[in-house]
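Please look through the sequence and the model shown below before reading on. The report then goes through strands, cores and salt bridges in turn.

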Amino acid sequence: MNRPSAQLKVGDWWYLPQLDKLVKLDEQAKVQQKLELDNLCQSVLNYFLLNPGRLISKEELLKEVWHLSSVTDGRIARVISILRDVLSDDVKSPTYIETINKRGYRFIATVEIVEIKAPAPTDSEPVKTAKHWLWAVGVASALIIGVFGWFYLQPGPEKTEDKVLFGHWAPVSSMDGFEYYPSLSKDGRYLVYSYAKAGQLKHALMLQDLTTQQKYALVDNGTDNFGAGFSPDGRQIAYQRLHFRESCEIRLLTLADDEYRSVLKDEKLTDCGKNSVSARISWSPDGNSLLYSSSESEEARMAIFNYDFQTKNVRQLLLPSPLGFGDFVARYSNKGDQIAFLRDIASEAVQLWLMDLKSQETAMLLQLENAYPGDIVWSKDDQTILFPGFANSIEKVDLAEPVQKTAIVTDNRIYELLMAPDGKYIGSIGRFGAYHVKKYNNKVFNSEQFNEPVFKSNRDETLVDVHPKADKPLAVVSRRTGLPQIWLSSKNGEQKMISNFDKQVIISQLKFSQSGRYLLALVDQELWIFTENGGKKALAEDNSPMKNISVDPFSDSFFYVSNQLGRWRVMKYNPDNDSSELISVGDDLYEHSGKGNYLLTRDAETRKYSLLYQNKEMELSAELLNRLVFDPRIEVSEQGIYFSGQDEKNNNNVLFYSFKERNIVATGEGSELYTSRFSLSPDERFIYLVIGDTRDIDIAVLNVTP
């Protein structure tokens, strides 16, 4: 069902997506009045809100709301009459719904996305309302790499405010490989975390005694075990066991009271969605329930679920936004009256939200800047939320003043954060990898072996795109100067920086135009056009998530996807005259093949892919649709579809789906670490991608210097 996912100001009313209702608010943002409607009337109203100012025929309402080809005019008129009545709208002098005789209706009230700052919640006062508007890697281990890699590749802070503290990390786990998802017992003695040795994909669950430094595997059975969390009394550990795309379980370890905390019982509590990715688990302070993220029953999006130990019931707490990957981390407050959670937006940004458990109402605090944290933590007084922000900093948001600020600058990169009982911070720190651009032969169409770096600096490279002409330079995003910049790299070794950003930015996409005359970049939700002589900011849509730049095969125009009033729209941008036009509504992917014979689209709401060959529908295999469920990087050629994922050997790879054979094969030998960002040579003989050399992540304790 279509409905806005953003908070809207509608005349004298507010539309709150978490309630799916129009409401009126007082000066303190408390809900004074709700517009109670049945499902049909609410659906019609939602359709008006998504299409303000546009003439909507009765036939369109029938198709989009009733999903019928015919129904009596009286039934439509009844719904319109009800809406006018509850809105106190005058049919002769309307302010909301205008009747266009014999043609249809127009919603004439102003509908706009407006931000409301939610009042700080107190012990007796629930969170009031939501703020405005609202990745995709295919397997659990690859998701960790994708998120950690994405976060690691982001720049550090340009500067910090006065009185920011400095901290030094002291490792406590120090194993050969990757230790993450830490959780600490309430007495501060025992640490549990997930561990994978470098080069291995399966994750054991480790327990470490911080007094004796002894460590051993609680669970090491060749499966992936993630997100463990100690119960408040320290006698149990809840965790997630994951067989990606096959099964997912939330499990409970019961520990003995001996010094080594041996396992007495390992039992399944409940199933989680088979399309889930690695989840973190949070216990309620009273120990009666768990929070965890799981894929919805038939959706790729993640949502927050609650498991009740007394009733053994599972309940989905929130409806995730359709704007992105979903809600992937939730944490109980220390009092247990609120939860804080993170929401992905367009697979590029993260919003921090609150939910009041008494009223069940939610509030968006803010969208995080240059940060994609793996976890969040509450301060002891529940007045502040902290998280890993920039590469070497701990950021904070005070509920009373929801502004992101730097709390501590540290001497290492931070991926996850928790707070010990004594108030010290514990985190996952280190380097997941060092990233550079590699070129290798596409073994589907090129048997000539080639596997070499083509752009490697003392800093990290994050994006690459191939010029449509073979003798022209690559476009690469690199941090070799300290700030992310766009470089052109020629075969003769010449390198030229064509951007000149003077502050930290996130460059999330690069695309050459069909002729190569233009290079389009998505920079902090703005579209920039570059040429060899420099660039200019070309287009910005305020407060509108944007993603999925693609190329028009017949001109130097580009397609991009943006969100307005909760709906994704495909726009076509012509850099020659700096103009945009609407192509379609409801799709969030629009990818042509090089000669334009094929077009791959995706419905943003149903996540259904459609492939057109010369405007005729073609069937895609079930295996491919299953592989594309988490929105991988995609390129469409005249031969098939290239996408990032895991091959039969569980190595990260660029995969190829053949239109002719309808099968999926790997294009290369695979790697244990890459960011899923790749580009295809015009003749499809070579693939360029950002790949990493694995390093090390440890669990560490932060020592802070005032």
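The text below describes the chain as a whole and then some of its parts.

**Basis of the report**

This is a predicted model, in which local features need pLDDT of at least 70 and side-chain atom pairs count only at pLDDT 80 or more, while totals for chains, interfaces and linings use all residues. Residues are numbered from 1 along each chain as its sequence is written, and side-chain values use heavy atoms, with hydrogens and water left out.

**The chain as a whole**

The secondary structure comes to five helices and 54 strands. Helices (H or I, at least four residues) and strands (E, at least two) are DSSP runs, numbered from the N terminus. Of the 706 residues in the chain, 60% are buried. Here buried means under 20% relative accessible area, exposed means over 50%, and partly exposed lies in between (1.4 Å probe, protein chains only). The chain exposes about 28600 Å², and carbon and sulfur atoms supply 44% of this area. Accessible areas come from the Shrake-Rupley method with a 1.4 Å probe; for residues, only the protein chains shown count as cover.

Two strands pair if DSSP finds at least two bridges between them. Strand 3 (residues 21-25) and strand 4 pair in the antiparallel sense over three bridges. Leu25 has Val31 in strand 4 as its bridge partner.

Strand 45 (residues 587-592) pairs with strand 46 in the antiparallel sense over five bridges. In this pair, Tyr590 stands opposite Thr601 of strand 46. The two strands form a hairpin with five residues between them, and Gly596 in the turn has a positive phi of about 85°.

Strand 46 is also joined by five bridges to strand 47 (residues 609-613), and these two run antiparallel. Leu600 has Leu611 in strand 47 as its bridge partner. Strand 46 and strand 47 form a hairpin with five residues between them, and Arg607 in the turn has a positive phi of about 65°. How much of strand 46 (residues 598-603) is covered? Five of its six residues are buried, so by the definition of under 20% relative accessible area this strand is mostly covered.

**Nonpolar cores**

A nonpolar core is a set of buried Ala, Val, Leu, Ile, Met, Phe, Trp, Tyr and Cys residues joined through side-chain atoms within 4.5 Å. In soluble globular proteins, nonpolar side chains tend to be buried together.

The largest nonpolar core has 33 residues, and those with the most contacts inside it are Tyr180, Ile250, Leu290, Tyr292 and Phe432. Among the elements that give two or more residues to this core are strand 10 (177-184), strand 16 (247-255), strand 19 (289-295) and strand 31 (425-441). Strand 54 gives the largest share, four residues. A second, separate core of 31 residues includes Leu8, Trp13, Tyr15 and Leu45.

Leu290 touches several residues, including Ala238, Ile250, Leu269, Phe305 and Tyr332, not counting residues up to four places away in sequence. Contact means heavy atoms within 4.5 Å.

**Salt bridges**

How many salt bridges does a search of the whole structure find? The search finds 27. A salt bridge is a side-chain nitrogen of Lys or Arg within 4 Å of a carboxyl oxygen of Asp or Glu. The table gives some examples.

| Salt bridge | N to O distance |
|---|---|
| Glu98 and Arg106 | 3.3 Å |
| Glu401 and Lys405 | 3.8 Å |
| Lys511 and Glu635 | 3.9 Å |

Glu98 counts as partly exposed because its relative accessibility is 26%, and Arg106 is partly exposed at 24%. Glu401 is partly exposed at 43%, and Lys405 is partly exposed at 24%.

Lys511 in strand 37 (residues 507-512) and Glu635 in strand 49 (residues 634-636) link distant parts of the chain, 124 residues apart. Lys511 is buried, with a relative accessible area of 10%, and Glu635 is buried, with 9%.

Salt bridges also link Arg241, Glu249, Arg251 and Asp266 in a network.
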